[in-house]
Structures are given as C-alpha cells and as structure tokens.
Amino acid sequence: MSFSDVHLQLHSIRATELHAEATAYRRPLRPQLRLRLGWLLVELGLRLVEQPRPARIRPV
C-alpha cells in the first residue's frame with residue numbers, strides 16, 4: 001500500500017466524519033422562511049443588475 005492510498009483512505013474517513021457532524025448540527029429551514037429568503041435574494045440580485053455603475057477612469 002502506497003502513501004497516496006493511505007492518504008486517500010484517511011481523507012475519505014475524515015470526509016465521512018465531517019459529513020456526519022454537519023448532518024447532526026443542521027437544522028431544517030421552515031419551508032415558508034426558505035421561500036421568503038430565496039425571493040429576497042432574487043430581488044436583491046435584480047436590484048444589483050439594474051443599477052448602472054459609474055464609469056471608472058483609470059489614470060494613465
């Protein structure tokens with residue numbers, strides 16, 4: 001077994017452990033809150049796209 005095989009196995013084990021920890025701490029968002037947050041982000045993105053940016057002049 002080479003060093004890279006051992007490294008890959010250790011990485012896989014650690015990734016599985018981290019995934020399990022993240023699942024344990026994750027709280028499901030309420031569907032209504034998730035929907036409102038999604039539309040808020042869409043609205044914010046549209047506002048950012050619609051605002052014209054002033055032209056930037058670079059000194060020579």
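## Salt bridges

The structure, a predicted model, contains 2 salt bridges. One joins the side chains of Arg 14 and Glu 17, with an N to O distance of 3.3 Å. The other joins the side chains of Glu 43 and Arg 47, with an N to O distance of 2.7 Å. Side chains of opposite charge can pair when their charged atoms come close.

## The pair in helix α1

Helix α1 covers residues 3–25 and holds both Arg 14 and Glu 17. These two residues are 3 positions apart in the chain, about one turn of the helix.

Arg 14 has a relative accessibility of 41% and therefore counts as partly exposed. Glu 17, at 40% relative accessibility, likewise counts as partly exposed. Partly exposed here denotes the range between the buried limit, under 20%, and the exposed limit, over 50%.

## The pair in helix α2

Glu 43 and Arg 47 both belong to helix α2, where they are separated by 4 residues, about one turn of the helix. Glu 43 counts as partly exposed because its relative accessibility is 39%.

## Geometry and exposure of helix α2

Helix α2 comprises 20 residues, 31–50.

How many of the 20 residues of α2 are buried? The number is 0, so the helix lies largely in the open.

Conventions. Residues numbered from 1 in each chain as written. Predicted model: local features only at pLDDT ≥ 70, side-chain atom pairs only at ≥ 80, totals over all residues. Heavy atoms only, no water. Expected span 1.5 Å × (residues − 1). Buried < 20%, exposed > 50% of the residue type's maximum accessible area, 1.4 Å probe, protein only. Salt bridge = Lys/Arg side-chain N within 4 Å of Asp/Glu carboxyl O.
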